[in-house]
Amino acid sequence: MARYRITKLLGLDMLMVRAIINSQKQQGLILYELELSVDTASRYKIIKHLREIYADMIWSIRTIAEKILLANLFAFTLAESEEAYVNVLKLEGVRSCSLFIFKEIV
C-alpha cells in the first residue's frame, strides 16, 4: 500500500526525491556548482575574482545570460563548498547565489 501511495505522489509531482550525501562519512571528491545572479557591469570583475581565489578548484565558468554565471568547482569536504557559497555572496556585484551539489566520488 505504501509503495502505491509513493508512486502516486511521485506521479503527481507532489514529492521530490534526491540523493543526499552522507555528511558523517565524507570521502573523495565533491562536484558542485555556484549559480550567481550578478550585476552586468560587475560580471567580468567577478569572473576574474573567482579565478584568482578558486584557481585550483574551478573547472568551468559559463555565462548563461547577461546576469547569470555558473561556476563549476570541486572540493574534498562539504564545508569547502559551503564556505565558497558564503564567500561568493560577499563579493561586490553578486545579487544572489545558489549552491548545487552534484556528486560525491569515492
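## Salt bridges

At 61% relative accessibility, Glu92 counts as exposed. In this predicted model, the side chain of Glu92 meets that of Lys45 in a salt bridge, 3.9 Å from N to O. Glu92 is placed in the loop between helix 3 and strand 4 and Lys45 in helix 2, so the bridge ties together parts that are 47 residues apart in sequence. Lys45 is exposed as well, with a relative accessible area of 51%.

The whole structure contains three salt bridges. Another of them joins the side chains of Asp39 and Arg95, at 2.8 Å from N to O. Asp39 belongs to the loop between strand 1 and helix 2, and Arg95 to strand 4, so this pair ties together parts that are 56 residues apart in sequence. Asp39 is partly exposed at 27% relative accessibility, while Arg95 is exposed, with a relative accessible area of 52%. A further bridge is formed by the side chains of Glu33 and Arg62, 3.9 Å from N to O. Glu33 in strand 1 and Arg62 in strand 2 are 29 residues apart, and the pair links distant parts of the chain. Glu33 is buried, with a relative accessible area of 9%; Arg62, at 46% relative accessibility, counts as partly exposed.

## Helix 2

Arg43, Ile46, Ile47 and Leu50 are the buried residues of helix 2. They lie on the same side of the helix, because the arc they cover around the axis is only 100°. The face turned away from this buried side carries the exposed residues Tyr44, Lys45, Lys48 and Glu52. Lys45 on that face is the partner of Glu92 in the salt bridge described above.

## Helix 3

Helix 3 has 12 residues, which at 1.5 Å a residue should span 16 Å. Its end C-alpha atoms are 17 Å apart, in agreement with that expectation. Buried residues in this helix are Leu78, Ser81, Ala84 and Val88. They cover an arc of only 125° around the axis, and therefore sit on the same side of helix 3.

Ser81 has a relative accessible area of 0% and is buried. Which residues does Ser81 touch, not counting those up to four places away in sequence? The contacts of Ser81 are Tyr32, Ala75, Leu99 and Ile101.

## Nonpolar core

In soluble globular proteins, nonpolar side chains tend to be buried together. Here the largest nonpolar core has 19 residues. Leu34, Leu36, Ile46, Leu50 and Val88 have the most contacts inside it. At least two residues of this core come from each of strand 1 (29–38), helix 2 (43–53), strand 2 (58–65), strand 3 (68–75), helix 3 (78–89) and strand 4 (94–105).

Leu50 is one of the buried residues of helix 2. Leaving aside neighbours within four places in sequence, Leu50 is in contact with Ala55, Ile58, Ile61, Ala71, Val88 and Leu91. Val88, among these contacts, is also one of the buried residues of helix 3.

## Aromatic pair

The structure holds one aromatic pair. Phe74 and Phe76 form this pair in an edge-to-face arrangement, 6.0 Å centre to centre with 80° between the planes. The angle qualifies as edge-to-face because it is over 60 degrees. Phe74 counts as partly exposed, at 22% relative accessibility, because buried means under 20%.

Methods: Residues are numbered from 1 along each chain as its sequence is written. This is a predicted model: local features need pLDDT of at least 70, side-chain atom pairs count only at pLDDT 80 or more; totals for chains, interfaces and linings use all residues. Side-chain values use heavy atoms; hydrogens and water are left out. Rings of Phe, Tyr and Trp (its six-membered ring) pair if their centres lie within 6.5 Å; planes under 30 degrees apart count as stacked, over 60 as edge-to-face and the rest as tilted. Buried means under 20% relative accessible area, exposed over 50%, partly exposed in between (1.4 Å probe, protein chains only). A nonpolar core is a set of buried Ala, Val, Leu, Ile, Met, Phe, Trp, Tyr and Cys residues joined through side-chain atoms within 4.5 Å. Helices (H or I, at least four residues) and strands (E, at least two) are DSSP runs, numbered from the N terminus. Contact means heavy atoms within 4.5 Å. The expected span of a helix is 1.5 Å times one less than its number of residues. The arc is that of the directions from the helix axis to the C-beta atoms. A salt bridge is a side-chain nitrogen of Lys or Arg within 4 Å of a carboxyl oxygen of Asp or Glu.
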